[in-house]
Amino acid sequence: ISSYGDETKWKVSCLFRLLRKVMFFRDVSLGPHETRLRFRLIHFWEAQNPVKKTLIGLEMLLIDEQGTVIQGFIPPGRIKKYLPEMKRGSVYELINFYGSKNKPMYRVADHITTVSFAWNSELSVLHDIPIPLDEDLFRMHSYEDFEANCDLKGDVYELKNFIG
């Protein structure tokens with residue numbers, strides 16, 4: 001490809017993207033993945049280290065076309081690259097990511113793996129969505145709601161199909 005012009009390189013790059021298979025969240029495993037994910041961004045928030053008062057990263061709650069929910073993570077050094085395009089409720093395609101182990105004490109979804117944005121991740125907004133993705137299965141609670149319920153025994157919120 002190096003002997004061809006920029007336009008040919010771009011066309012070949014686009015063809016490779018189209019040929020990559022879409023992976024569903026249920027199939028996400030640990031390690032690097034050079035494939036595509038399609039999802040709706042349900043919610044995102046900054047994760048802070050409460051002791052050091054530093055930014056850990058951007059946490060996300062994502063849902064795919066099969067209704068599977070997974071946690072996403074963007075490291076602090078990559079937030080500026082992706083944040084301008086991020087909007088709750090929008091649908092995205094992510095190419096290239098790393099499946100990292102979800103820490104049980106910070107888990108907000110049942111899946112044991114977190115979709116972590118890698119150095120070579122590409123995020124794009126999908127305007128023409130080929131398959132409908134659920135969008136109103138979740139309701140986010142405020143910190144005050146959470147604090148008011150934290151003394152209850154058992155699970156505070158059901159996370160499989162509804163938060164709240």
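Predicted model: local features only at pLDDT ≥ 70, side-chain atom pairs only at ≥ 80, totals over all residues.

Me: How many helices and strands does the chain have, and in what order do they run?

Reply: The chain has three helices and seven strands. Read from the N terminus, the order of the elements is α-β-β-β-β-α-β-β-β-α.

Me: Is strand S4 enclosed or open, and why?

Reply: Strand S4 covers residues 69–74. Val 69, Gln 71 and Phe 73 point one way, while Ile 70, Gly 72 and Ile 74 point the other way. In a regular strand, side chains alternate between the two faces of the sheet. Because six of the six residues in S4 are buried, the strand is largely enclosed by the rest of the structure.

Me: Which residue of S4 is the bridge partner of Leu 61?

Reply: Strand S3 (residues 54–63) pairs with S4 in the antiparallel sense, over six bridges. The two make a hairpin with five residues between them, and Gly 67 in that turn has a positive phi of about 85°. In S4, the partner of Leu 61 is Gln 71.

Me: And which residue of S6 is the bridge partner of Gly 72?

Reply: S4 and S6 run parallel and are joined by three bridges. For Gly 72, the bridge partner in S6 is Val 115.

Me: Now the rings. What kind of aromatic pair do Phe 25 and Phe 39 form?

Reply: A pair of aromatic rings is described by the distance of the centres and the angle of the planes. The whole structure holds three aromatic pairs. For Phe 25 and Phe 39, the centres are 6.3 Å apart and the planes are at 35°, and the pair is tilted.

Me: Where do those two sit, and how many residues apart are they?

Reply: Phe 25 is in the loop between strand S1 (22–23) and S2, and Phe 39 is in strand S2. Both Phe 25 and Phe 39 are buried.

Me: What kind of pair do Tyr 82 and Phe 117 make, and why?

Reply: Tyr 82 is in helix H2 (residues 79–82), and Phe 117 is in the loop between strand S6 (113–116) and strand S7 (122–125), so the pair ties together parts 35 residues apart in sequence. Tyr 82 counts as buried at 4% relative accessibility, and Phe 117 is buried with a relative accessible area of 3%. Their ring centres are 4.8 Å apart with the planes at 75°, so the pair is edge-to-face.

Me: Is His 43 buried or exposed, and why? And which side chain does it touch through a polar contact?

Reply: His 43 is in strand S2 (residues 31–49). Its relative accessibility is 17%, so His 43 counts as buried. Its side chain has a polar contact of 3.0 Å with that of Arg 88.

Me: Arg 88 again! Which ring does Arg 88 lie over?

Reply: Arg 88 is 4.8 Å from the centre of a ring and lies over its face. That ring belongs to Phe 44.

Me: Which residues touch the most other members of the largest nonpolar core?

Reply: In soluble globular proteins, nonpolar side chains tend to be buried together. The largest nonpolar core here has 21 residues. S2 gives the most to this core, with four residues. The members touching the most others are Leu 37 and Met 86.

Me: Lys 53 and Asn 96 both have a positive phi. Which is buried and which is exposed?

Reply: Lys 53 has a phi of about 55° and lies in the loop between S2 and S3. Asn 96 has a phi near 70° and is in strand S5. Lys 53 has a relative accessible area of 66%, so Lys 53 is exposed. With 7%, the buried one is Asn 96.

Terms used:
Residues numbered from 1 in each chain as written. Heavy atoms only, no water. Buried < 20%, exposed > 50% of the residue type's maximum accessible area, 1.4 Å probe, protein only. Polar contact = N/O pair within 3.5 Å; in protein donor to acceptor, adjacent residues only side chain to side chain. Phe/Tyr/Trp six-rings, centres within 6.5 Å; stacked < 30°, edge-to-face > 60°. Lys NZ or Arg CZ within 6 Å of the ring centre and 35° of its normal. Pairing = 2+ DSSP bridges. Core = buried A, V, L, I, M, F, W, Y, C linked by side-chain atoms within 4.5 Å.
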